[in-house]
Amino acid sequence: MRTVKEILKNTFGLIGFNIKPILLFAIFYFVIMFYIPILFDKLTLFLFKLIHGGIYMGNGNALDILTMPAMWPGLIFSLIVTAGILMFQVGAIAYAINESKKKNKVKCSQMMKAGIKVFKKIFIPRNWLILLYAVIILPLTGAIKIGCASIKVCVPEFIEDFAYANGTLKYLYPLALLLLFLLAIRWIFSIVAFSLEDKTYRQSCKESVKLNKKRVLKTIGMIFVGGVVFIALDVVISALLALAVSLVSLLIEGSGLSVLGSRWLNSFINLSSLLYSIFVPILNIGLLTVMFFKWRQKNDVEDPIPDRDIKPFKVKGKLVFIVCFIVAVALSTFAVKDYISCYLHKSEKPVVCAHRGESYSVPENTMLAFKTSVKKKADWVEMDVHKTIDGKIIVSHDDYIERVSGKQIYVHESKYDYLRKLDVGSWFDEKYSYVRFSNLDEALKYLKSTGRHVQIETKPVEGNYPDGTPINKDFEEKIIQIIKDNHMEDKVVIISQNEDSLKRVKKIDKNIKTANCMVVAWGDIGDISWADYCSIEAENVTPAIIANMHKAKKKCFVWAVNDANRIQYLVDCGVDGIVTDNVVMVRKQLKKIDYTPGIDKFIRMMAR
């Protein structure tokens with residue numbers, strides 16, 4: 001406990017010793033971290049169009065693009081820049097903490113120069129292991145946050161759902177994450193050693209392993225305690241501001257200023273969240289640096305941290321830097337004006353689409369799921385379809401249906417009458433043992449009677465039957481005919497992750513609405529000619545993607561959103577529809593969130 005107190009005290013004390021330059025650096029870093037990812041994205045898209053000739057990267061072409069030798073230098077450069085942006089901050093803060101330890105005052109310009117030195121080291125090929133650690137392992141495991149919200153890596157929610165729904169994977173997936181987390185902890189001090197010492201990244205990793213020898217649990221515990229303390233500070237500050245909101249509202253109630261006063265104070269609360277997101281990485285880097293010094297002391301490490309003779313800017317240099325910085329910000333603002341415009345417009349309330357029907361409380365993709373989604377006031381209903389061997393269109397998420405039926409069979413090899421007899425509800429709960437597969441026709445007839453819009457996801461199976469007949473023969477034709485028979489052309493959108501399936505739909509009938517269901521989404525996706533809508537996996541959503549779709553006068557849905565904390569950001573981005581397993585949760589959250597534009601919206605999005 002004494003060590004914990006000492007480390008936390010030193011963390012706050014050493015940051016406080018040089019708080020002014022650290023605050024200035026934080027402001028500078030926040031500004032560049034707002035612009036650089038957007039500008040870098042635009043530059044990357046320009047080079048992508050130049051090299052590949054395409055306008056976007058999605059499900060159908062992602063693998064081909066990523067395996068093109070001509071794209072490899074760009075991919076490596078992207079990783080280097082991303083790692084460099086992270087390590088620029090680590091290098092600057094670690095330098096300031098080290099100088100504070102020596103009782104030396106520093107300038108913001110010295111911190112920037114120290115960060116640039118670390119940034120340059122990353123371009124040396126022998127240090128490229130840091131790309132894997134800083135850009136993938138550390139953000140993915142969430143061991144500790146050292147970067148701002150613009151740089152993050154996470155496993156898409158649908159992959160997690162898939163892993164936890166499968167027998168072997170539900171054990172292997174968390175085990176893999178645990179192993180990555182332990183690796184992240186073993187190497188946790190490598191970023192500090194790399195920033196402060198004249199070592200390669202491999203040497204820095206070896207030093208981190210030595211410092212953590214027989215001390216992994218202490219390191220984890222210290223990081224956890226630090227995180228709790230930092231969160232507690234944010235909670236206390238937010239609570240005080242919330243109290244101020246309540247008091248001021250009571251004082252000015254009925255004066256005509258209550259709404260305005262509450263609005264301004266709520267803006268301060270949002271600002272506190274933004275400041276928290278900016279300063280937590282700084283506090284974490286400070287914590288790691290102090291722990292690095294402490295663990296070195298306990299290991300009796302004799303080699304000293306080398307002195308860095310970094311000169312601050314002179315008056316002339318400061319003026320040149322300030323002028324260049326202002327010009328760069330002005331030009332960057334002009335270059336990303338389309339992106340920034342999203343902060344100026346009020347967000348519209350998105351429609352709610354029930355994913356596989358109401359799949360949170362009842363068995364998915366069944367008539368019960370569709371009826372329950374209507375009762376829970378879903379605006380849209382999404383379903384998946386497959387074709388049986390005798391040409392019937394059945395509603396099922398999977399072609400291989402062991403997960404929901406317990407039978408090791410495929411829809412495309414089975415007859416419709418046999419499939420209709422299977423119990424597809426007991427897997428969810430024994431009380432639903434009466435639930436059976438539904439077909440597309442009966443599902444559309446019911447949903448038409450309720451006035452609901454429908455997304456039909458096609459999942460064509462590639463290959464041929466033994467007689468040479470394509471498994472997908474007339475698949476899209478049959479779906480379109482059922483839509484027309486039910487006169488639902490104006491209520492249905494056919495979606496698919498298979499781009500060829502959507503192209504076939506448009507070839508059959510160009511008036512049928514289609515939506516590209518994208519696991520990977522980047523570039524000018526609004527210019528895709530054979531898609532009238534887009535449905536994007538939630539982790540890929542950015543204001544730029546939505547703005548691109550709206551510029552093309554197309555709508556964008558996002559799937560599958562089951563985390564209430566993510567909804568505010570998605571609404572701020574401007575999504576038109578939210579696809580979810582839990583309709584009630586999303587509806588409740590949409591009533592609570594803020595739709596106002598301007599500074600509040602900007603602060604909220606930056607805080608994320």
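**Figure 1. Residue K9 in helix α1 of the predicted model.** K9 is found in helix α1, which covers residues 2-17. K9 is exposed, with a relative accessible area of 65%, and exposed here means a value over 50%. The view also includes K218, which lies 209 residues away from K9 along the chain. The C-alpha atoms of K9 and K218 are separated by 17 Å.

**Figure 2. Packing of helix α2 against helix α13.** Helix α2 (residues 19-52) packs on helix α13 (residues 315-335) at an angle of about 45°, and their axes are 11 Å apart. That angle makes α2 oblique to α13. The crossing of these two helices, α2 and α13, is left-handed. On the α2 side the contact is made by F28, V31, I32, Y35, L39 and K42. On the α13 side it is made by F321, F325, V329, S332, T333 and A335. By class, the residues in the contact of α2 with α13 are nine nonpolar, two polar and one charged.

**Figure 3. Packing of helix α4 against helix α6.** Helix α4 takes in residues 72-101 and helix α6 residues 129-141. Their axes are 9 Å apart, and the packing angle is about 65°. Angles of 65 to 115 degrees count as roughly perpendicular, so α4 and α6 are roughly perpendicular to each other. The crossing of α4 and α6 is left-handed. Helix α4 contributes L79, I80, T82, A83, L86 and M87, which meet I130, L131, A134 and V135 of α6. The contact of α4 with α6 holds nine nonpolar residues and one polar residue, with no charged residues.

**Figure 4. G463 in the loop between β6 and α19.** The loop that holds G463 runs between β6 (453-458) and α19 (475-485). G463 is partly exposed, with a relative accessible area of 40%. That value falls between the limit for buried, under 20%, and the limit for exposed, over 50%. Leaving aside neighbours within four places in sequence, G463 is in contact with P470 and I471.

**Figure 5. Strands β10 and β11, paired in parallel.** Strand β10 spans residues 533-537, and strand β11 spans residues 555-559. The two strands, β10 and β11, run parallel and are joined by five bridges. Across the pair, I536 stands opposite V558 in β11. Strand β11 is mostly covered, with four of its five residues buried.

Figure 6. The relative accessible area of S535 is 3%; buried means under 20%, so S535 is buried. Apart from residues up to four places away in sequence, S535 touches N516, C517, M518, F557 and W559.

**Figure 7. Helix α21 and the residue K553 that follows.** Helix α21 is formed by residues 543-551. The buried residues shown in this helix are P543, I545, I546, N548 and M549. K553 follows α21 and has a positive phi, near 60°.

Notes
Residues numbered from 1 in each chain as written. Predicted model: local features only at pLDDT ≥ 70, side-chain atom pairs only at ≥ 80, totals over all residues. Heavy atoms only, no water. Axes fitted to C-alpha atoms, helices over the stretch in contact; angles between N-to-C directions. Parallel < 35°, antiparallel > 145°, perpendicular 65-115°, else oblique. Left-handed = near helix turned anticlockwise from the far one by under 90°. Contact = heavy atoms within 4.5 Å. Nonpolar A, V, L, I, M, F, W, Y, C, P; charged D, E, K, R; others polar. Buried < 20%, exposed > 50% of the residue type's maximum accessible area, 1.4 Å probe, protein only. Pairing = 2+ DSSP bridges.
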